[in-house]
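Biologist: I'd like to learn how to read a fold like this one. Could you walk me through it?

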Amino acid sequence: MNMNPQIHLTTGQFAKLMGVSKDTLFHYDKIGIFSPEITADNGYRYYSVYQSDVFYVITTLKELDMPLKEIKTYLEKRSPEELVLLLEKEADLLTKK
């Protein structure tokens with residue numbers, strides 16, 4: 001896939017857009033929870049603007065104190081039904097807290 005400057009952002013640009021550090025993006029890629037759409041031959045990473053939706057899901061679930069391991073598991077089999085189940089589970093946990 002070729003890098004398109006109209007939809008692809010560098011790691012720094014994507015991090016700024018999402019309000020996180022570049023290190024966060026590097027960490028997420030390392031653990032396999034969120035990876036760049038393109039890694040160029042020179043090692044540069046490019047994220048698509050269309051990946052922002054998935055990143056917002058990760059951010060929201062983190063705000064609910066969900067561990068990254070559970071978020072990764074959800075993302076691997078995500079569906080509307082799985083999201084509803086997950087949010088119901090988190091609502092129960094928040095109520096107990």
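This is a predicted model: local features need pLDDT of at least 70, side-chain atom pairs count only at pLDDT 80 or more; totals for chains, interfaces and linings use all residues.

Biologist: Fine. In what sense do E2 and strand E3 pair, and over how many bridges?

Modeller: Strand E3 covers residues 45-48, and its pairing with E2 is antiparallel, over 2 bridges. Two bridges are enough here, because strands count as paired once DSSP finds at least two bridges between them.

Biologist: What sits between the strands in the hairpin of E2 and E3?

Modeller: There are 5 residues between them, and in this hairpin Gly-43 takes a positive phi near 90 degrees.

Biologist: And how do E1 and E3 pair?

Modeller: That pairing is antiparallel too, over 3 bridges. To find it on screen, look for His-8, which stands opposite Ser-48 in E3.

Biologist: What strand order does the open sheet have?

Modeller: The order is E1-E3-E2, in an open sheet of 3 strands with antiparallel pairing. Strand E1 (8-10) and strand E2 (38-39) are the edge strands, each pairing on one side only.

Biologist: Now the whole chain. How many helices and strands does the secondary structure come to?

Modeller: You'll find 5 helices and 3 strands. Going along the sequence, the pattern reads β-α-α-β-β-α-α-α.

Biologist: Let me pick a helix residue. Where is Ser-52 found?

Modeller: Ser-52 belongs to helix H3, which spans residues 52-63.

Biologist: Is Ser-52 buried or exposed?

Modeller: Start from the cut-off: a residue counts as buried when its relative accessible area is under 20%. Ser-52 has 12%, so it is buried.

Biologist: Which residues is Ser-52 in contact with, leaving aside its neighbours within four places in sequence?

Modeller: Those are Phe-14 and Met-18.

Biologist: What share of the residues in the chain is buried?

Modeller: Buried residues come to 27% of the 97 in the chain. As for contacts, take those with a separation of 6 or more: 50% of them are between residues 24 or more positions apart.

Biologist: And the overall dimensions and surface?

Modeller: Along the principal axes, the C-alpha atoms fill a box of roughly 50 × 25 × 20 Å. The accessible surface is about 6,700 Å², with 54% of it belonging to carbon and sulfur atoms.

Biologist: Last one: how many positive and negative side chains does the chain have?

Modeller: It has 12 positive and 14 negative ones, and the centres of the two sets lie 6 Å apart.

Note on methods. Residues are numbered from 1 along each chain as its sequence is written. Side-chain values use heavy atoms; hydrogens and water are left out. Helices (H or I, at least four residues) and strands (E, at least two) are DSSP runs, numbered from the N terminus. Buried means under 20% relative accessible area, exposed over 50%, partly exposed in between (1.4 Å probe, protein chains only). Contact means heavy atoms within 4.5 Å. Accessible areas come from the Shrake-Rupley method with a 1.4 Å probe; for residues, only the protein chains shown count as cover. Lys and Arg count as positive and Asp and Glu as negative; His and the chain ends are not counted. The place of a charge is taken as NZ of Lys, CZ of Arg, CG of Asp or CD of Glu.
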